[in-house]
Amino acid sequence: MNAASVGATRDELEDFLYAEAALLDAWRLDEWLALFVEGARYFIPPAGAEDDADPSTSLFYVADDYHRLCERVKRLKKRTAHAEFPRSRCRRLVSNVRVVEGDAARFTLTSNFVTWRSKLGVTDTFFGHHLYEMTRVDGALRILSKKTFLDQDDIRDQGKVSIIP
Amino acid sequence: MSVSPAPPLLEDDRERGLFRVARRAFTSDEVLTRERQAIFDDAWLYLAHESELEANGDFLARRVAGRDLLFVRGKDGQARCFFNTCPHRGALVCRERAGNGAMFRCFYHSWAFDLEGRLVNRPGDEAYGAGTRAGGLHDLVPVPRLAQYRGLWFVHFKGQGVDLPTYLGGAREYLDLVLDQGEAGMEIVGGTQEYGFEANWKLLCENSFDGYHGLPTHVSYFDYVKSKPGALVEIAIRGQAFDLGNGHAVVQYTAPWGRPIAQSVPAWGEDAVREVAATKARLVERFGPERAERMATTNRNLLIFPNLVVNDIMAVTLRTFYPTAPDRQVVNAWALAPRGESARMRELRLFNFLEFLGPGGFATPDDCEALALCQRGYGSVGGEGWNDISKGYLSDEPQVDDEAQMRAFWREWHRRVTRATP
């Protein structure tokens with residue numbers, strides 16, 4: 001399984017993920033949200049979870065339907081999202097991009113990440129991998145669902161996942 | 001040479017209606033030493049729920065008040081709790097978080113213990129004298145006391161003192177309102193949220209049942225629920241605070257959000273609304289109309305002294321937290337749910353939970369931020385000054401957004417730390 005087997009190139013997939021990370025780094029959250037199809041979902045399973053973790057039976061950090069994902073973005077832009085006001089500075093590194101399975105119409109894409117978040121003199125690190133369900137809309141790559149798996153044993157140090165890692 | 005008396009930690013002036021806690025209580029190493037001695041080493045502390053240790057041979061490794069414990073269900077079905085340290089040199093005997101097995105083996109020198117904690121095997125056993133074999137010297141050490149209240153297991157690090165039911169006292173009535181929700185009992189759902197932040201642990205005691213901060217701090221949460229048609233019903237947040245004795249306290253109140261037990265909101269859809277109505281009818285059958293109403297439509301934020309929070313709100317969460325320093329705490333949070341509830345209700349419950357609670361919720365991160373900023377504020381005046389907890393002091397019926405519940409906690413806290421002698 002590789003990029004070609006889902007009708008893409010590695011460059012195209014990597015460019016998409018780099019652009020996504022850049023939008024989050026820049027807090028351009030509406031544009032980030034536009035990368036998702038309507039009805040898309042977003043998840044952060046508990047630290048150390050397996051890829052098949054299920055939000056209807058286990059306690060995630062985030063399990064957003066599309067409405068809540070939109071509201072999460074709206075909230076993060078408000079002064080009243082206190083944990084992110086003034087907003088933190090973040091930087092994301094993305095690598096190890098691979099197609100896991102699927103075909104051109106719908107495929108699973110994974111990447112590894114490290115995200116640093118800095119606020120009020122404290123810098124936290126999040127690391128792990130993302131798992132995307134991808135599709136194309138009018139030829140352009142779009143996200144059907146995204147799961148962010150944190151490899152930390154726990155989030156004692158970070159305390160919260162107030163950003164979109 | 002005269003010794004000047006320590007400055008007071010608490011000011012409790014009924015005449016003026018003034019109640020204040022010295023900010024030193026949040027910053028001082030000496031106070032934390034007193035707390036360890038007079039509170040964490042001398043109180044019933046929550047360990048785990050029975051559903052986490054279901055089968056014989058199941059074990060959990062869990063940290064309680066900075067101590068590594070091993071909670072085990074033996075072949076005989078008995079639950080036991082040991083300090084997770086090898087009697088030989090001290091290494092952790094169990095390094096997994098949870099599992100099922102027949103024995104524990106410390107990898108350092110390969111001493112092995114059965115589920116009852118007895119040393120059953122070690123290399124070179126013949127080299128140990130008969131005199132070292134008596135009295136369980138080389139067995140795992142059990143915690144001095146282990147007891148349960150309706151499936152909630154607690155430990156106590158002292159051998160003497162009041163038993164668990166006596167300790168829980170007036171809080172039992174409120175625990176029952178939660179534990180009775182499941183006809184087949186209750187269970188923990190899918191894991192623990194383990195986080196932490198830079199604030200004194202007592203700030204979270206206060207915050208967990210602080211009805212005063214809800215609207216100002218969590219306005220963005222309410223913005224969100226209002227954005228969803230039918231996610232709220234027309235019910236005001238209204239209720240009272242109760243001092244339950246022994247430092248336990250609760251606020252009980254009505255609220256506009258949906259509760260799987262058993263207040264539905266239109267956004268859940270017709271099927272779910274019908275199901276919740278049936279659940280409520282069943283509560284009426286089981287407990288009568290008055291108690292059923294209380295279980296179904298009132299919320300409870302309960303603090304079991306010193307650090308077990310049971311919040312029965314849009315979902316049920318259990319939470320414990322421990323100081324690792326005056327300005328730092330670690331938090332464990334679980335979701336508790338009725339055993340055997342329908343898949344749809346379970347899904348709604350967890351969806352509800354994450355809406356508000358936990359490190360990725362729309363509210364908890366802002367609470368953590370508020371508490372960390374409080375802690376930071378104490379530094380600005382060098383740990384001097386006072387926190388004011390006077391709201392509703394002179395009221396005969398303190399309300400959910402008053403602070404009587406916090407005063408109940410603080411009085412017990414003060415009684416204990418002032419009798420401690422570090």
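Modeller: Before we start, contact here means heavy atoms within 4.5 Å. And keep in mind that this is a predicted model.

Colleague: Fine. Among contacts in chain A between residues at least 6 apart in sequence, what share joins residues at least 24 apart?

Modeller: That share is 58%.

Colleague: And how many helices and strands does chain A have?

Modeller: Three helices and six strands. Going from the N terminus, chain A runs α-α-β-β-α-β-β-β-β. Its radius of gyration is 15 Å, close to the 15 Å the globule rule gives for 165 residues, so chain A is as compact as a globular protein of that length.

Colleague: What does the C-alpha trace of chain A span along its principal axes?

Modeller: About 45 × 30 × 30 Å. Buried residues account for 53% of the 165 in chain A.

Colleague: What about charges, how many positive and negative side chains are in chain A?

Modeller: There are 24 positive and 26 negative ones, with the centres of the two sets 8 Å apart.

Colleague: Switching to chain B. Where does Ser51(B) lie?

Modeller: In the loop between β3 (45-49) and β4 (58-64) of chain B.

Colleague: Is Ser51(B) buried or exposed?

Modeller: Buried: Ser51(B) has a relative accessible area of 13%, and the cut-off for buried is under 20%.

Colleague: Which side chain does the side chain of Ser51(B) join in a polar contact?

Modeller: That of His49(B), at 2.7 Å. The Ser51(B) side chain also reaches the backbone nitrogen of Ile188(B) at 2.9 Å.

Colleague: Leaving aside neighbours within four places in sequence, which residues is Ser51(B) in contact with?

Modeller: Met186(B), Glu187(B), Ile188(B) and Arg339(B).

Methods:
Residues are numbered from 1 along each chain as its sequence is written. Chains are lettered from A and ligands numbered from 1 in the order in which they are written. This is a predicted model: local features need pLDDT of at least 70, side-chain atom pairs count only at pLDDT 80 or more; totals for chains, interfaces and linings use all residues. Side-chain values use heavy atoms; hydrogens and water are left out. Helices (H or I, at least four residues) and strands (E, at least two) are DSSP runs, numbered from the N terminus. The radius of gyration is taken over C-alpha atoms; the globule rule is 2.2 Å times the number of residues to the power 0.38. Buried means under 20% relative accessible area, exposed over 50%, partly exposed in between (1.4 Å probe, protein chains only). Lys and Arg count as positive and Asp and Glu as negative; His and the chain ends are not counted. The place of a charge is taken as NZ of Lys, CZ of Arg, CG of Asp or CD of Glu. A polar contact is a pair of N or O atoms within 3.5 Å; within protein, one must be able to donate a hydrogen and the other to accept it, and residues adjacent in sequence count only if both atoms are side-chain atoms.
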